[in-house]
Amino acid sequence: MEYAVQVETYTLSKANNLVLNVDGAIGSLFLDLLAGSGMFTKPEIDEIVDIGYLNGLFVLARSIGLIG
């Protein structure tokens, strides 16, 4: 989450009207949830990241927004 906040701070230093780093915050919270739940091993979490599962979540959300 700290990394997502750093990206947001850097982005907002460029211009005040840029979008906040919501995607980064959601991604970091999702990974924290995977690691903290105890239901997944480190190799399983790495596989989830490697196959691009998080990217799929964001593409789905953007697609719904574009259609709407």
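Start with the aromatic side chains: there is one aromatic pair (ring centres of Phe, Tyr or Trp, its six-membered ring, within 6.5 Å; planes under 30 degrees apart are stacked, over 60 edge-to-face, the rest tilted). Select F30 and Y53. Their ring centres lie 6.0 Å apart and their planes meet at 35°, so the pair is tilted. The pair links distant parts of the chain, with F30 in helix α2 and Y53 in helix α4, 23 residues apart.

This is a predicted model: local features need pLDDT of at least 70, side-chain atom pairs need 80 or more, and totals for chains, interfaces and linings use all residues. Numbering runs from 1 along each chain as its sequence is written, and side-chain values use heavy atoms, without hydrogens and water.

Colour by pLDDT (the predictor's confidence in each residue, 0 to 100). The chain averages 80. Helix α4 (residues 53–67) has the lowest confidence, mean 75, and helix α3 (residues 42–50) the highest, 91. Helices here are DSSP runs of H or I, at least four residues, numbered from the N terminus.

Now select α2, residues 22–37. Its 16 residues should span 22 Å at 1.5 Å a residue, and its end C-alpha atoms are 22 Å apart, which agrees. The expected span is 1.5 Å times one less than the number of residues. Look for its buried residues: A25, G27 and L34. Buried means under 20% relative accessible area, exposed over 50%, partly exposed in between (1.4 Å probe, protein chains only). F30 is partly exposed at 22%. L29 is also partly exposed, at 46%.

Finish just after α2: G38 has a positive phi of about 75°.

Terms used. Helices (H or I, at least four residues) and strands (E, at least two) are DSSP runs, numbered from the N terminus.
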